[in-house]
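Colleague: I would like to go through how some local features of a model are read. Please take them one at a time.

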Amino acid sequence: MIDYNGNPVLSAYSSISIGQDFKWAILSEIDEAEVLIAPHDIRNTIITASIVVLALIMVLALFIINISLVKPIEKFKNTLLNIGEHNDLTIKIDDNAPAEISLMAKSFNRLIDELRTLIDTSKQSSSENAAIAHELSTTALGVGNNVEKSVGVVE
């Protein structure tokens, strides 16, 4: 209801019988704003506590994500850059990381090992080819000398 001042109020009333002849009415009023003080305080406390807890959860989540994902990926990237800058195929990527990053590191390490083996095999083949080329060159020179001698004899 609206009271005589124009403020919303909550009203309660009842009749009271005093003896058999007297009937009285009792009326009680309280301002709506006064009644809502406690619920508003509770609501505000719940909202504040929820915001604080949410902020703590977000900070904790960011911390965990940083430790479990960002740092291992950053370490992985730095190792790759180091391999690229120094052309050093003996550097291994640390595979002590979360599952997906560990799988990537192991796979990359296998690739580097195979690449190093391929390069070593190529170097060995190249050395063998150089030796064979030298031998063929020496043989060709010998054949050329023999041909010159044969031409000399024939003349």
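This is a predicted model: local features need pLDDT of at least 70, side-chain atom pairs count only at pLDDT 80 or more; totals for chains, interfaces and linings use all residues.

Modeller: Residues are numbered from 1 along each chain as its sequence is written, and side-chain values use heavy atoms, with hydrogens and water left out.

Colleague: Is Asn109 buried or exposed?

Modeller: Buried means under 20% relative accessible area, exposed over 50%, and partly exposed in between (1.4 Å probe, protein chains only). Asn109 is buried because its relative accessible area is 10%. Phe108 has 21%, so Phe108 is partly exposed.

Colleague: Which element holds Asn109?

Modeller: Helices are DSSP runs of H or I with at least four residues, strands are runs of E with at least two, and both are numbered from the N terminus. Asn109 lies in helix H3, residues 99-154, and Phe108 is also found in H3.

Colleague: What does Phe108 touch beyond four places in sequence?

Modeller: Contact means heavy atoms within 4.5 Å. On that basis Phe108 touches Leu80, Ile83 and Ile93, while Asn109 is in contact with Lys92 and Ile93, its neighbours within four places left aside. The side chain of Asn109 also reaches the backbone oxygen of Ile93 at 2.9 Å.

Colleague: How far apart are Phe108 and Lys92 in space?

Modeller: They are 8.7 Å apart, C-alpha to C-alpha, and 16 residues apart in sequence.

Colleague: Which strand gives the most to the nonpolar patch?

Modeller: Patch residues have over 30% relative accessible area and no salt bridge, with nonpolar side chains joined within 5 Å and like charges within 9 Å. A salt bridge puts a side-chain nitrogen of Lys or Arg within 4 Å of a carboxyl oxygen of Asp or Glu. Areas come from the Shrake-Rupley method with a 1.4 Å probe. Here Ile16, Ile18, Phe22, Trp24 and Ile26 make a nonpolar surface patch of about 520 Å². E2 gives the most, with 3 residues.

Conventions: A polar contact is a pair of N or O atoms within 3.5 Å; within protein, one must be able to donate a hydrogen and the other to accept it, and residues adjacent in sequence count only if both atoms are side-chain atoms.
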